[in-house]
Every structure is written in C-alpha cells, then in structure tokens.
Amino acid sequence: MNDAERGHRLAVLLPYRLAPPRMTVRISPPSAAILCFCAIMAASTAWAQSGPAMLSPLQVILKWSPLLLWGFGFNILISLLSMVLGTIAGVGLGLALLSEFRPLAAASWLITQFFRNAPWLVLLFFVMFLVPFQVTLFKTTIPLPDWIKATVGFALPVMANVAEVVRGAVRSIPSTQWEAAESLSFTPRQTMWLIMLPQCIKRMLPPWMNVYALVTMSTVLASIVGVSEMLTLTAQVHAAEGGRPELFAPLYGFALLCFFLYCYPINLWTARLERRYRVR
Amino acid sequence: MQAIADWFQRLYETTGLNFSVFYDAYDWDRYFSGLKMTLLLSVTTILLSLIIGAVGALLQGSPSILLRLPVNAFVVVFRNTPPLVQLFFFYFGLGTMLPAVETAGMRVPLLNNVQWAIISLSLFAAAFNVEIFRSGIEAVPRTTLEAAEALGYTRLKAYIHIVLPLAIRVCLPALNNNLVNLLKTTTLAYAIAVPETLYAVKQIWSESQNVFEMMVLLLATYGILVGILVWLMHRWEQAMRIPGYAR
C-alpha cells in the first residue's frame, strides 16, 4: 500500500487490491471459548427451574457428551474423507480447466460452474436419492451406506471449489515463468508438474483450508438426509431426555461450541498462512 | 401455456420423463409457491444482511471497545459455526423460550419458522458482510476521511455519505460472492419445514415418484436464480463504477 501511495499522491481513491476476506484476530481463541461457554451456562441456568428428579441442562450435556462427541467425530470423519476425495478430483478438474485442449477446458468449466453454483443441500439430495444403496460390480455386491453417499455428496462441491483454487493459483504465477520454462525446453506437462504446481501449493493452502472449514460446517447437512451424525444424535438425546423445550438451547449450543472450537483455530491458522504467503 | 402442458404430457407418455409440475396444476401451484417462498427468503435475507453488515462494520470501526467487542464476537461466532446448527439453535432453542401469543383462540409462537429462518440466515450472512464491508472501508484512504472531517462531517454522516459509497464499490465482488452463497443457503430453511423450493419439490417427488426429473428441475431452478442474482449484481457493479477508476 505504501508504494502505491507514493505513486498516486493525488489519487482520490487509491488503486485497491482487495485482500481476500480474512479473519482478524481480535478475540483470542481462549477468551472466545470462555465467551461461548458462558453463553451456554447462562442459557442452561436461566431455564433450570426443574424439579429434583430432572437433570439440569448442564448435567444432561455432561451425561450425553460421550455420545455427542462420538457423533462430532463422525462429522470430522465425513469432512476429512470428502475433502480427500474432493481434492483429488478437484486437482484433476483444475488441471483440466487449464488445459490447452479447448473442448476439455470448456467441459470442465461447465462442470465446475455447475457444482459451485448448486446449493450444497441440493447436491446432497441429488447424490442421496439418485445413487443406489448398493452397486453390483463383477457379481460382488458392494453396499453403499448413507454416510458414504453423503461423503460423495460433499465431495462434489469440494471438487468444484478446489478446481477453482487450483486454477486461481496457477493463474497467479507470473507468465514469465511459463516462458522461462519453455525456453529451458520443458514440455508443458513437465512445466506444470515440476515448476507450477510446487509453487502453487503454498498459494493454494489457505483457500484450500477455507474450503475444508466450509465442508466441516456443511457435514451437519447430512442429518437432514438421515445420517446419524452429531445433529441427529442431538435431536435423539433431546427426545431421550423427555423432549423438554428448555433443553434445546443448551444442546444445540453444545453443538455450536464443538464446531466453533474445531473451525475457529483452522480459520485463525488460515489467516496466519495467508498473511505469510501474501502474493505481493 | 396449454401447449407447454401438452408438450410435457406427451413427453411423459412417450419417454417416461415425468415433469409433472408443467402439466399438473396442483404440482405447479406447489412448485410456484415454493419458488415464491425462496424469493421472499432471498430478498429479505439479502436486504437484512446488508443492513446488519453495514451497521456492524460501522460499529467495528468505532473507537469504543464496548461497541467493537460484541460485533467481533458476533462475527467470529457466526462465521465459525454451521448455519444449520445456528438455525436449529434459533428456531428450537430460542423459539421455544419466547412467549407464545394468542391469536384467534390459538396459541401460536411469537415468531414462526419463516421468520426464524429469515433472522438466522440474515445473521449468518451478515457476519460475512461485516468482514467484507470492513475490508472495503479499510481500502478507503485516510485522506478522504480527513477531508470529510475538515468539511465538518460527523463520524456517522461521513460514514453514510462518503465512506460507505466508496467501500461498497470496492467490496462488490466479494459481496457478490457472499450473496450468491446466501441464496444457496436459503435451502437450509427446508430443515425447519419452511415451504421453499426444495421442500415443495421434495413433496412433489414423493407423491409423483419422479425424483430424477424433479432433481433436474431443482438444480435448474437454483442455477437460474443464481444466474439472475449474478447478472443483477454485475449490472449494479457497472452502474456504480467510478469513471476513470478501477480496472
């Protein structure tokens, strides 16, 4: 910004380079956790006018926390698997986007736009309802449980987002590098794999982690289509405790807290990497 | 209209592709009301989230920590938790705590599911908008603000008349992204039985047994809606462009 300021001393509005929206560290993670915890405490105590036989909301959470945390672990598992699947497919799609062969680039552009612009929930429904519950390959029947299908459903938008990330990162490398590689008689494929991608990994890491945080937060959608992950279990726990309405806020608050404690550090770390790897 | 209905009827009879919404008036009504609900959700949440975002960004830049801290906490919490859990927290958690009101002899909740969906989704999108507006405000040079101060603008007036108009122009691309995201997120209202497009379409396919065709229609619907929003935002971007400035 300083260089720009010196160059445009009289500009009314300086030429801008909008930094990608980033988290600003204004609340330290511990104090944020305390804040959340206090909020839940307040919610639990304010509505704990129950008789001696009934457990207070906090006790309910403590009692069921192993089950709920197991469900949360399942969420993490789904997010990790779909991230792996989506990244592999997305790198392929991203490279296809950059292909010199026009029809391939156009087709992959279409696929990317389609999966980026469709709502996640709709894609999830798409996979859940249109993929059979088992497939027969070479006379062996492979069952496809719901959560596998959900993983695939999340992998599709991840694929499209990662493809965009790959494309953006490769495009952000100065074109002179391509020329230099060409003059050193690298083939296009070698240029891509030996020169471009190694440099891109650094630039791709922060947006890739952003996508990961997005997937993690989306895994709860699987509860809508009947995968028994944290949110489903939360509803079941609520029913098991007699369906008292005052339990809703603490239980869902607990789910919020779990996701917050998982996603916030990832976001902070992403912001830090972004600052470190800032491209110019 | 009749020609379209006949064509889809014939398509069903010849190929088995059952786009029932286009020839069955009952299905069409459900689909159309779902579409209207999606539009209502999108428009209200977009407007509300823009307002909350702008106010939040103003508060975030204030000198008092008492104003800054709640906004920062709000942004941090809403950005890092799943929107669906937020929606459930609001609708089930807070919704059951609010007193019910008596209307026409029936006890109904103070806020119904549509209103909770609007509140929850707006807050979710607003958390992102605050950050986006902030990055736009940071791009407005200090000198401009100083000039406004020298001309006797108060902080609020300078924000409304000088900083915000410039900031909006700067952050339109990012805002565009977020609003498209918000439009896609309105499908979450399905989870609390708000009869929006996804909900209506699901009802149709469970009765007419045409999951595949309805899926295609659903994806096409959202594709078109996103397309319209992107087109409008581009138009707006063009209209707001400062002549001789920006790339």
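Analyst: A residue is buried if 20 or more other C-beta atoms lie within 10 Å of its own, and exposed if 12 or fewer do. The model is predicted.

User: Is V122(A) buried or exposed?

Analyst: V122(A) lies in helix α5 of chain A. The cut-off for a buried residue is 20 or more other C-beta atoms within 10 Å. V122(A) has 20 C-beta neighbours inside 10 Å, so it counts as buried.

User: Which residues is V122(A) in contact with, leaving aside its neighbours within four places in sequence?

Analyst: Helix α5 of chain A holds V122(A). α5 is also among the elements that give two or more residues to the side of chain A that touches chain B. Leaving aside neighbours within four places in sequence, the contacts of V122(A) are T187(B), L198(B), L218(B), L219(B) and Y222(B).

User: Which element gives the largest share of the side of chain A that touches chain B?

Analyst: In the interface, 38 residues of chain A are in contact with 42 residues of chain B. The elements giving two or more residues to the chain A side are α2, α5, α8 and α10 of chain A. With 11 residues, the largest share comes from α10(A).

User: How do the residues on that side of chain A divide into nonpolar, polar and charged?

Analyst: The side in question is the one where chain A touches chain B. Its residues divide into 33 nonpolar, 4 polar and 1 charged.

User: Are α5(A) and α6(A) parallel, perpendicular or oblique?

Analyst: Two packed helices are described by the angle between their axes and the distance between the axes. For α5(A) and α6(A), the angle is about 135 degrees and the axes are 8 Å apart. That angle makes α5(A) and α6(A) oblique.

User: Is the crossing of α5(A) and α6(A) left-handed or right-handed?

Analyst: On the α5(A) side, the residues that meet α6(A) are W120(A), L123(A), L124(A), V127(A) and M128(A). On the α6(A) side they include K149(A), G153(A) and P157(A). The contact divides into 9 nonpolar, 1 polar and 1 charged residues. The crossing of α5(A) and α6(A) is right-handed.

User: Which residues does F128(B) touch, not counting residues up to four places away in sequence?

Analyst: F128(B) is found in helix α5 of chain B. It is buried, because 22 other C-beta atoms lie within 10 Å. Not counting residues up to four places away in sequence, F128(B) touches R79(B) and N178(B).

User: What separates the C-alpha atoms of F128(B) and M215(B)?

Analyst: F128(B) and M215(B) are 87 residues apart along the chain. Their C-alpha atoms are separated by 30 Å.

User: Is A193(B) buried or exposed?

Analyst: A193(B) sits in the loop between α7 and α8 of chain B. Its phi is positive, about 60 degrees, although it is not a glycine. With 12 C-beta neighbours inside 10 Å, A193(B) counts as exposed.

User: What is the phi of Q209(B)?

Analyst: Q209(B) lies in the loop between α8 and α9 of chain B. It is exposed, with 11 other C-beta atoms within 10 Å. Although Q209(B) is not a glycine, its phi is positive, at about 55 degrees.

User: What percentage of the residues in chain A are buried?

Analyst: Chain A has 10 helices and 2 strands. Its 280 residues include a buried share of 38%.

Key
Residues are numbered from 1 along each chain as its sequence is written. Chains are lettered from A and ligands numbered from 1 in the order in which they are written. This is a predicted model: local features need pLDDT of at least 70, side-chain atom pairs count only at pLDDT 80 or more; totals for chains, interfaces and linings use all residues. Two residues are in contact if their C-beta atoms, placed from the backbone, lie within 7 Å. Helices (H or I, at least four residues) and strands (E, at least two) are DSSP runs, numbered from the N terminus. Ala, Val, Leu, Ile, Met, Phe, Trp, Tyr, Cys and Pro count as nonpolar, Asp, Glu, Lys and Arg as charged, and the others, Gly among them, as polar. Axes are lines fitted to C-alpha atoms, for helices over the stretch in contact, and angles run from 0 to 180 degrees between N-to-C directions. Angles under 35 degrees count as roughly parallel, over 145 as roughly antiparallel, 65 to 115 as roughly perpendicular and the rest as oblique. A crossing is left-handed if the near helix is turned anticlockwise from the far one by less than a right angle, and right-handed if clockwise.
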